[in-house]
Amino acid sequence: MTLPTTSARRIAILPDAVADQIAAGEVVERPASVVKELVENSIDAGARHVRVEVETGGKTLVRVSDDGVGMGRDDAVLALDRHATSKLTSAAELVGIATFGFRGEALPAIASVSRFSLSTSDQNGAGVEVTVNGGRMERVEPVARQQGTTVSVRTLFFNTPARRKFLRSTASETRACHEAVLTLALAHPGVGFEFHADQVNRFHAPAGQSLAERLRSTWGRDLSDTLVPVEFAAGGFRVQGFAQRPADARPTGRRTQLFVNGRPFRDNFLVRAAESGYRSAIAPGDRPSLYLDVLVQPGDVDVNVHPAKLEVRFRDRIGIERVVEDAVRHALGSLVAAAPLGTPSWQAPAPAAGASPAGTASLVHDLFGERAAAPGASLPSSDAGPAAAAAGQGMPVMQVFDTYLVYASEDGLVMVDQHSAHERVLYEQVMKELTGGRATAQHLLVPVTLDLNDEELDAIESHRDVLDRIGFEVVPFGGRTVALNAVPNPHPRFDAARCFREMVSDLARGRFGGWANRMERFAATYACRAAVMAGDRLSEREIRELLLRLFATTLPPHDVHGRSTIVQLPVEELERRFGRRG
Ligand SMILES: Nc1ncnc2c1ncn2[C@@H]1O[C@H](COP(=O)(O)OP(=O)(O)OP(=O)(O)O)[C@@H](O)[C@H]1O
Ligand SMILES: [Mg+2]
């Protein structure tokens, strides 16, 4: 038998130009990939300001100019060779690499599928312009220019028509380029950015911004103002960034941005893990905005697993997901108690009881003593009075500033915002009444009358069913006046008329709009307006009852606005502050 000798079967090394085009297929998918690669190079080159221009969505032109270190003539030519990189010299350095680039692939790949020119100058001031056409180097000429680099990429995919056909509309390619700039702008708040599309300035962020300022510049003030900081560490990982307050999450228009050690990447499972941190605090369809940077040891993440470096691989994937979920939950739920005292950041344990039955039992025991903690035990009956409730065996509790409830748990000092706590309790109770049972209304001997405006009357009309269910019996009283014949009675100091008036005004003005579901919106409104207020003095019995009911709820430890309900000062933190521990 003879081996085939046709040239078609002979192995040959592909010419560079073809190899570059094949690499380009993976690195350069669309104009936005060019924007991404070039801007990354500019940031790697230490640029303080990066200007990005695109025309027709980048299909006819992508130009990126920077004021980075630039290149001398020899480097500028070499940069266009495959595997020419100044960022990496051995495979070992790939672990923990701090630059965006490391393959030396982007420039030759882009240049092989476009009309490409690179003009650059290093600190020696001898500028050079290199022109490449479809991978063929055409000219290397001196130019006069300041230190920095400008890369122009024209008619992308002109020599690979099959790929050019896949490009989308100008608007959609422009949007993708814009997004690529925003992502990198968020990764580097210190670097200034401009984005121009068809000569119109679409984005501008000055150099030297803080992360909070950069978020405002990129995501807009309205969205940024709904974010709360995330700062959490566990199991060798750290998560920092921002998560949206639950009440502000919407079903559409959210933004998510993940980083690992400052490097942007995509990972829907991790976003999902972060969403689990919200538990039931958001309606099922709502999608909160998230900006999260996961900090891991360099060896715990591989950034070289995706051709365009859009994805990464974690060694301990499950661990990362858990930390991200916990980080979000903590940010929303608890603590930062030490912040006003000026401590940088510390992590407290999860709120004492949460929803776990064991936790609740021990808390009940703490608050009410043995008797109440027995299975099936209920709150000591009201005629027993506060002394019986505590019975000398329960944990001391106190109210401070007529606003916060304070007690010591096994883990530390626990402070509860009474309004926020009551709001949560009422929210759950009202949701139950709205979906099943019905509240017991209290009939008024003398109906209360209220004058309302048209919007408020409309709000009553459109919420009549739910108002009725929770115990408000409202009847027209002529003109713009309504009468309340019956009202709910959630607690002894409840001011029905005030609550009703405020609630109707909230509903008319669309407050709590973040709750997608009408019933949840209504429950949140009522809970907020019916709860005891900051400044209401509570009896010890009321305090204990409120705490007990709070820890029987299943919502996460924050109120309907996403503010903290519980703040804990862990014992370790106390010990540190008093110098009892290093
Ligand atoms: N804007 C720039 N300013 C200064 N030097 C640059 C710039 N762009 C590219 N270079 C130089 O050219 C080299 C090649 O760039 P290229 O993007 O092809 O590869 P890389 O960034 O090293 O790796 P990767 O392919 O992962 O992006 C870089 O290593 C860098 O030395
Ligand atoms: Mg690069």
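## Exercises on aromatic pairs and a capped helix

The structure, a predicted model, holds six aromatic pairs, where rings of Phe, Tyr and Trp (its six-membered ring) pair if their centres lie within 6.5 Å, and planes under 30 degrees apart count as stacked, over 60 as edge-to-face and the rest as tilted. In this predicted model local features need pLDDT of at least 70 and side-chain atom pairs count only at pLDDT 80 or more, whereas totals for chains, interfaces and linings use all residues. Residues are numbered from 1 along each chain as its sequence is written, and side-chain values use heavy atoms, with hydrogens and water left out.

**Exercise 1.** Classify the ring pair of Trp219 and Tyr291, and state which elements the pair ties together.

*Solution.* Begin with the geometry: the ring centres of Trp219 and Tyr291 are 6.4 Å apart and the planes stand at 75 degrees, so the pair is edge-to-face. Next, place the residues: Trp219 belongs to helix α7 (residues 211-219) and Tyr291 to strand β13 (residues 290-295), so the pair ties together parts that are 72 residues apart in sequence. Helices (H or I, at least four residues) and strands (E, at least two) are DSSP runs, numbered from the N terminus.

**Exercise 2.** Determine whether Trp219 and Tyr291 are buried or exposed, and then classify the pair of Phe259 and Tyr291.

*Solution.* Buried means under 20% relative accessible area, exposed over 50%, and partly exposed in between (1.4 Å probe, protein chains only). Trp219, at 8%, is buried, and Tyr291, at 6%, is buried as well. The rings of Phe259 and Tyr291 have centres 5.0 Å apart and planes at 50 degrees, so this pair is tilted. Phe259 lies in strand β11 (residues 256-260) and Tyr291 in strand β13, so the pair ties together parts that are 32 residues apart in sequence. Phe259 itself counts as buried, at 2% relative accessibility. Finally, Trp219, Phe242, Phe259 and Tyr291 form one aromatic cluster.

**Exercise 3.** Describe the span, the covering and the N-terminal cap of helix α14.

*Solution.* Helix α14 (residues 418-435) has 18 residues and reaches 26 Å from its first C-alpha to its last, close to the 26 Å expected at 1.5 Å a residue, the expected span being 1.5 Å times one less than the number of residues. As for covering, 15 of the 18 residues of α14 are buried. At the N-terminal end, Asp417 caps α14, with a side-chain oxygen 3.0 Å from the backbone nitrogen of His419.

Definitions and conventions: Chains lettered and ligands numbered in written order. Polar contact = N/O pair within 3.5 Å; in protein donor to acceptor, adjacent residues only side chain to side chain.
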